[in-house]
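Notebook open, model loaded. I want to jot down a few things about strands and helices before I forget them.

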Amino acid sequence: GVGEIGQNTVENLVKHVYQPKIKIANRTQEKAAKISEKYNIPNIDYTDLGNELQETDILIVATGAKTPIIDKLHLKSGREILIIDLSIPHNVDKNVTELKTVKLIDVDELSQQIQKTIQQREKEIPKAEMIIKEMTKDFLEWEKKRKLAPNIHHFKAVLKNMERNEM
């Protein structure tokens, strides 16, 4: 789909993936053509989606359909495919996971992964705070030495002057 989530996904893929091979599909060919033109990527006719899926490595689904639009019957090729379902409600039927060649990631799984990542990062906060504390201490000591530097240079100059006068 080419709603807000679909467009954001396409935009990020185009920006951050080197020479992405992206095709856009939408139930409304007009919308697909518009996004296709905007991002300079090909679009496919929605009625040809079944054939396109047989050649697809990664399928990102971001539609506003009320029921699943993709199920295991769409995936006949037996080739490995990663399906990312960003839709709420799910637009990919869970029965696709019955196929050994299909890896399905949906919004629920992404949310769980995000929570795990947040928890791991939160565990690292005390370490980061300790590093900041040590670096601050080192910086303040360095700054204090820098403030003394002119006095030290002056003192050295006085000593050199005294040494010259002694000779």
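Below are my entries, grouped by the part I was looking at.

**Model.** I'm working with a predicted model here, not an experimental one.

**Strands.** I started with strand β5, residues 102–106, and asked how many of its residues are buried. I get 4 of 5, so I'm noting the strand as mostly covered, with buried taken as under 20% relative accessible area. Next I looked up its pairing with strand β4, residues 81–85: the two run parallel and are joined by 5 bridges. I also checked what isoleucine 83 faces, and leucine 104 in β5 stands opposite.

**Leucine 110.** I moved on to helix α4, which spans residues 107–166 and holds leucine 110. Is leucine 110 buried, exposed or partly exposed? Its relative accessibility is 33%, so I count leucine 110 as partly exposed. Skipping neighbours within four places in sequence, I find leucine 110 in contact with Leu86 and Ile105. I also took the C-alpha to C-alpha distance from leucine 110 to alanine 157: 67 Å in space, for 47 residues in sequence.

**Helices α1 and α2.** Last, I looked at how helix α1 (residues 4–16) packs with helix α2 (residues 29–39): the angle is about 25° and the axes are 11 Å apart. Angles under 35 degrees count as roughly parallel, so that is my label for α1 and α2. I have their crossing down as right-handed. On the α1 side I listed Gln7, Val10, Glu11 and Val14, which meet Ile35, Lys38 and Tyr39 of α2. Sorted by class, this contact has 4 nonpolar, 1 polar and 2 charged residues.

Definitions and conventions
Residues numbered from 1 in each chain as written. Predicted model: local features only at pLDDT ≥ 70, side-chain atom pairs only at ≥ 80, totals over all residues. Heavy atoms only, no water. Buried < 20%, exposed > 50% of the residue type's maximum accessible area, 1.4 Å probe, protein only. Pairing = 2+ DSSP bridges. Contact = heavy atoms within 4.5 Å. Axes fitted to C-alpha atoms, helices over the stretch in contact; angles between N-to-C directions. Parallel < 35°, antiparallel > 145°, perpendicular 65-115°, else oblique. Left-handed = near helix turned anticlockwise from the far one by under 90°. Nonpolar A, V, L, I, M, F, W, Y, C, P; charged D, E, K, R; others polar.
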